[in-house]
Amino acid sequence: MNNFVISGVKMLKPSGEVEIANIHVSGDKISKITRGEVTHDHIIDGKDKFATPGLVNAHTHASMTLLRSYSDDKSLMDWLQKDIWPVEAKMKRKDIYWGAALAAIEMIRGGTTAFADMYGPCMEEVAKIVAESGLRGSLSQGLISFADGDKKLASNVELYKNFHGAADGRIQIMLGPHAIYTCPPDYLKKVAVEASKLGAEIHIHMNETQTEIEESIKIYGKRPFEVILDTGLFENGTLAAHCVHLSDSEIEIIKSKKIRVAHNPGSNLKLASGIAPVKKLLDAGITVALGTDGASSNNNLDMLEEIRLAALIAKVESMNPLAVPANQALKMATEYGAAALGLKNVGKLEVGYKADIVLWEMSGVEWQPNYNPASLLVYSANSSSADTVIVDGKILMQNRELKTLDAEKILAEFKACANRLTGKDS
Ligand code: NI
């Protein structure tokens with residue numbers, strides 16, 4: 001059983017204050033937080049380290065790492081239809097596995113401890129990587145109604161039955177209807193019925209581009225959230241990625257159905273989708289988490305970048321430098337991220353919470369002078385400061401050394417898969 005103390009570490013408290021403390025870990029939980037001298041058989045020295053809850057990537061497509069730098073600088077639809085979907089159609093089981101394995105390395109090295117993934121088929125391969133890496137994963141199969149839509153739904157249901165709660169509860173399964181433009185209302189009704197039978201939550205892309213809204217109004221006479229509200233899809237708990245273009249009545253639907261939003265600033269900027277009204281959503285009491293989206297629309301899985309972008313963009317979007325201060329941006333990637341994924345007792349450094357902890361190395365010059373570690377993490381540091389990553393009390397990386405994954409082997413297998421798929425030589 002895991003049993004150790006992180007001693008004398010600067011710790012981010014849920015209140016946003018920072019204090020020097022000893023974090024005691026027993027099993028999968030934070031069992032005690034003490035001050036002053038500590039003696040223990042297993043001590044991790046917390047000197048010059050900043051302890052935060054693990055970062056939660058609330059929207060990604062992990063195996064899309066395979067398509068990083070394959071196609072850039074295009075409109076969302078051109079990019080998806082002409083470049084991405086044709087290559088994805090060729091992906092085999094092993095591609096999903098090695099793509100997710102590389103993503104897991106990137107996430108752990110950047111201080112991410114949990115992620116919400118939508119991809120597939122073969123999401124059981126991503127589940128395997130979650131189990132092996134020690135990360136937490138909320139996985140869903142991306143469902144598109146045309147070309148075997150019913151079969152895909154059945155396979156997502158199967159995934160739920162086989163994996164929900166697996167790996168000591170680190171694996172959660174959601175149903176993943178891709179978006180309104182790939183899943184018409186009749187299909188979403190079927191997904192809603194299956195979700196309600198299982199008690200499964202939903203992960204979906206919503207209101208990402210202006211075109212999506214215009215099409216919805218043209219075809220259904222209503223905006224996307226209004227169309228989907230009538231299908232019953234929002235009844236079991238929903239994680240909605242993007243939510244860039246929203247009317248006031250859609251914000252009301254998000255609020256009343258307790259829909260959690262995954263804001264993806266990097267992807268929204270790169271695809272020129274627009275800027276989500278994050279301050280307005282947070283002010284309305286809506287849970288807004290952060291995600292990277294897939295690595296080919298970002299182009300990395302670096303959550304610290306998303307935290308910084310979220311804080312900066314929200315200020316410009318609201319023309320208010322007080323909007324989304326550093327501590328709130330950090331909460332979006334930790335506490336709110338955990339809530340967005342439906343994780344219980346995750347996302348805070350507090351006694352009784354899961355020991356999902358990142359220790360950031362603060363000896364680098366970008367951390368000096370060190371008046372406010374939270375501000376330094378958000379506005380100054382980069383993700384290579386992640387030194388030690390702990391999930392469920394288990395150490396996945398220490399002194400930047402990976403403990404659960406073989407990076408060399410993964411990189412070789414990953415490159416072979418990417419080159420075969422794209423017909424290029426990297
Ligand atoms: Ni996405």
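Tutor: Among contacts in the protein chain between residues at least 6 apart in sequence, 71% join residues at least 24 apart; a contact here means heavy atoms within 4.5 Å. The model is a predicted one, in which local features need pLDDT of at least 70 and side-chain atom pairs count only at pLDDT 80 or more, while totals for chains, interfaces and linings use all residues. Residues are numbered from 1 along each chain as its sequence is written, and side-chain values use heavy atoms, with hydrogens and water left out.

The protein chain has 15 helices and 18 strands. Along the principal axes, the C-alpha atoms fill a box of roughly 65 × 45 × 40 Å. Of the 426 residues, 57% are buried. Buried means under 20% relative accessible area, exposed means over 50%, and partly exposed is in between (1.4 Å probe, protein chains only). The accessible surface comes to about 16500 Å², and 51% of it belongs to carbon and sulfur atoms; accessible areas come from the Shrake-Rupley method with a 1.4 Å probe, and for residues only the protein chains shown count as cover.

The largest pocket has a volume of about 640 Å³. Of the 29 residues in its lining, W85, E88, G120, G142 and I144 are the closest to its centre. A pocket is found on a 1 Å grid over the protein atoms alone, as an open set of points with protein on both sides within 12 Å along at least five of seven lines; a cavity is a set of points where a 1.4 Å probe fits but cannot get out, and lining residues have an atom within 4 Å of a point. Grid points are joined across faces, edges and corners, and a volume is the space filled by probe spheres set on the points.

At least two lining residues of the largest pocket come from each of α1 (76-88), β7 (112-119) and β8 (136-143). The most come from α1, which gives 5. By class, the lining has 16 nonpolar, 8 polar and 5 charged residues. Here Ala, Val, Leu, Ile, Met, Phe, Trp, Tyr, Cys and Pro count as nonpolar, Asp, Glu, Lys and Arg as charged, and the others, Gly among them, as polar.

G120, one of the residues closest to the pocket centre, is joined to P121 by a cis peptide bond with omega of about 20°. P121 is in the loop between β7 and α3. C122 is also found in the loop between β7 and α3, and has a positive phi of about 65° although it is not a glycine. C122 is buried, with a relative accessible area of 16%.

Next comes helix α3 (residues 123-133), whose buried residues are M123, E125, V126, A127, I129, V130 and S133. An α-helix has 3.6 residues a turn, so residues three or four places apart point the same way. The cover over the buried residues of α3 includes α2 (93-109), β7, β8, α4 (149-163), β9 (171-173) and β17 (394-398). Two of these, β7 and β8, also supply residues to the pocket lining. Just after α3, G134 takes a positive phi of about 95°.

Elsewhere, N399 lies in the loop between β17 and β18 (401-402). N399 has a positive phi of about 50° and is not a glycine; it is exposed, with a relative accessible area of 58%.

Conventions: Helices (H or I, at least four residues) and strands (E, at least two) are DSSP runs, numbered from the N terminus.
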